[in-house]
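Student: I would like to learn how to read a strand and a loop residue. Could you walk me through them?

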Amino acid sequence: MFNKNVLSVLEDQKARRWERYAGLDLSNRTLVIVGLGKVGQEVARLAKQFRMNVIGVKQAIKNADLSALNVDALYGAGDLDHVLPMAEFLVLIAPHTAETEKMMGEKQFSLMPQGAVLINIGRGALVDEPALVAALQNGHLRGAGLDVFETEPLPGHSPFWHMPNVIVSPHSASTTNNENRLITDLFCQNLKRYLAGKPLINVV
């Protein structure tokens with residue numbers, strides 16, 4: 001969306017304005033994923049299809065299999081500030097815990113490369129929203145795709161609604177026509193496992 005200037009293209013379409021442009025390739029650009037559960041691993045797998053360099057950040061990294069996680073490099077949660085200068089794209093998929101609350105603030109955004117993009121599909125509490133607004137307004141960050149927010153529904157006075165370099169999604173990134181079937185299937189699998197005394201899937 002950001003590399004193909006889709007937000008600008010939609011505005012041009014509304015204005016019936018024909019303005020050719022050059023997009024940016026994703027190949028050889030670096031994506032950092034914070035949170036490498038099933039969703040994070042799938043994001044990593046898809047990014048590899050675009051020939052991106054993928055770096056993962058997760059709590060437990062001992063004996064981790066990089067190829068199984070679909071990443072080129074792996075760092076622990078305590079190494080986030082070391083990794084951020086490489087993050088041309090940063091995807092947050094971590095849960096909200098005492099350790100992750102406001103993990104992305106003014107300092108962290110300043111560590112990211114000029115023109116980087118933030119995508120948050122984890123929890124709104126991971127981000128210091130005023131610091132994010134400032135980083136977007138001063139041009140340090142090129143854009144942000146946000147599916148989660150500190151307050152939901154997102155208040156009408158939030159600056160995110162009107163920012164030309166922000167995609168606001170109403171906590172719906174995972175909502176599809178198959179969602180209820182998949183949840184039911186998972187429940188049934190876990191019920192069978194529970195009754196058989198086997199480990200459960202997706203334990204939080």
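Predicted model: local features only at pLDDT ≥ 70, side-chain atom pairs only at ≥ 80, totals over all residues.

Student: How many residues of strand β1 are buried?

Tutor: Five of the five residues in β1, which spans residues 30-34, are buried, and the strand is mostly covered.

Student: Which residues of β1 lie on one side and which on the other?

Tutor: In a regular strand, side chains alternate between the two faces of the sheet. Here Thr30, Val32 and Val34 are on one side, while Leu31 and Ile33 are on the other. Both faces are covered.

Student: What joins β1 to strand β2?

Tutor: Five bridges do, and β1 runs parallel to β2, residues 53-58. The partner of Val32 in β2 is Ile55.

Student: How many bridges pair β1 with strand β4?

Tutor: Four bridges, again in the parallel sense, link β1 with β4, residues 89-92. In β4, Leu90 stands opposite Val32.

Student: Now the loop: where is Thr100 placed?

Tutor: Thr100 sits in the loop between β4 and α5 (106-111).

Student: Why does Thr100 count as buried?

Tutor: Buried means under 20% relative accessible area. Thr100 counts as buried because its relative accessibility is 9%.

Student: Which backbone atoms does the side chain of Thr100 reach?

Tutor: A polar atom of that side chain lies 2.7 Å from the backbone oxygen of Pro95. The side chain of Thr100 also reaches the backbone nitrogen of Thr97, at 2.8 Å. Leaving out residues up to four places away in sequence, Thr100 touches Ala94, Pro95, Ala125 and Leu126.

Note on methods: Residues numbered from 1 in each chain as written. Heavy atoms only, no water. Buried < 20%, exposed > 50% of the residue type's maximum accessible area, 1.4 Å probe, protein only. Helix = DSSP H or I, 4+ residues; strand = E, 2+ residues; numbered from the N terminus. Pairing = 2+ DSSP bridges. Polar contact = N/O pair within 3.5 Å; in protein donor to acceptor, adjacent residues only side chain to side chain. Contact = heavy atoms within 4.5 Å.
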